[in-house]
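Reader: I want to know what stands behind the labels. Please go through them with me.

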Amino acid sequence: LAQNSPKCVDFHPNCNYVLSGSSDKCIRIWEAHTGNCVRIFTGHAAPVTSLAVSNEGKIFASAGEDGVHLWDLVSSRRIATFPVSFPSDYKHYPQTHGDTWALDISGDSTVLATGGSDETVRLFDLRMFSDALDEPTPPADAVHEPLATYHTKSTPVHCVTFTRRNLLLAGGPFKNPKKACKFDLNLLDEFDLREVSLIKRRVR
């Protein structure tokens, strides 16, 4: 594949633009009616594997092996980074490593959901970054704790999606721990609610 081969795409809510993430670690914005690239975002240290644009079209999130990045679409600034691993002193969030394969932002743009190869779903509060959109320079990078972390039974998370009522559905192939390296690819919702593939969360 070409070095800049796209790995993920998402429409801007106004449907005039398409965002793409590529193997060359860049995110591009394309005009839908002309096919022209109008902007390029750089900052990832690994290929971009997932994208999610907020409903109001002001921010978007991108993910890769190096973590999840939050961007301001108006100023083209990166305003936050969420790592894929947490320091060992974060007792409630044990250190994990893996690619982030799935992203979505709630309908009211207050919660970011992530999922990936570490078999977890994480929720991050985006309200703390609303003031950063009006700042002249991005805030300093820091480790941002998730609102919640949900561990699946034994399932890499390939997709997360918020409904219009802010219910979150997450899914992936079920890996039977008793049968090494065998997967039930027909699985979409095979999780215990407590360990979560289906997360019911009202965002207030």
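Reader: How do you know that strand β2 and strand β3 pair?
Author: Two strands pair if DSSP finds at least two bridges between them. Strand β2 (residues 17-22) and strand β3 (residues 27-31) have five bridges, in the antiparallel sense. They therefore meet the definition of a pair. Val18 stands opposite Trp30 in β3. Strands are DSSP runs (E, at least two residues), numbered from the N terminus.

Reader: Where do these values come from?
Author: This is a predicted model: local features need pLDDT of at least 70, side-chain atom pairs count only at pLDDT 80 or more, and totals for chains, interfaces and linings use all residues. Residues are numbered from 1 along each chain as its sequence is written, and side-chain values use heavy atoms, without hydrogens and water.

Reader: What makes β9 mostly covered?
Author: Buried means under 20% relative accessible area, exposed over 50%, partly exposed in between (1.4 Å probe, protein chains only). Five of the six residues of β9 are buried. β9 also pairs with strand β10 (residues 111-116) over five bridges, in the antiparallel sense. Asp104 has Ala113 as its bridge partner in β10.

Reader: Which residues lie nearest the centre of the largest pocket?
Author: Asp10, Val53, Asn55, Asp104 and Ile105, out of 14 lining residues. β1 (6-11), β5 (48-53) and β9 (100-105) each supply at least two residues of that lining.

Reader: How do the lining residues of the largest pocket divide?
Author: Eight are nonpolar, four polar and two charged. Asp, Glu, Lys and Arg count as charged; Ala, Val, Leu, Ile, Met, Phe, Trp, Tyr, Cys and Pro as nonpolar; the others, Gly among them, as polar.

Reader: Why is it called a pocket?
Author: On a 1 Å grid over the protein atoms alone, a pocket is an open set of points where a 1.4 Å probe fits, with protein on both sides within 12 Å along at least five of seven lines; lining residues have an atom within 4 Å of a point.

Note on methods:
Helices (H or I, at least four residues) and strands (E, at least two) are DSSP runs, numbered from the N terminus.
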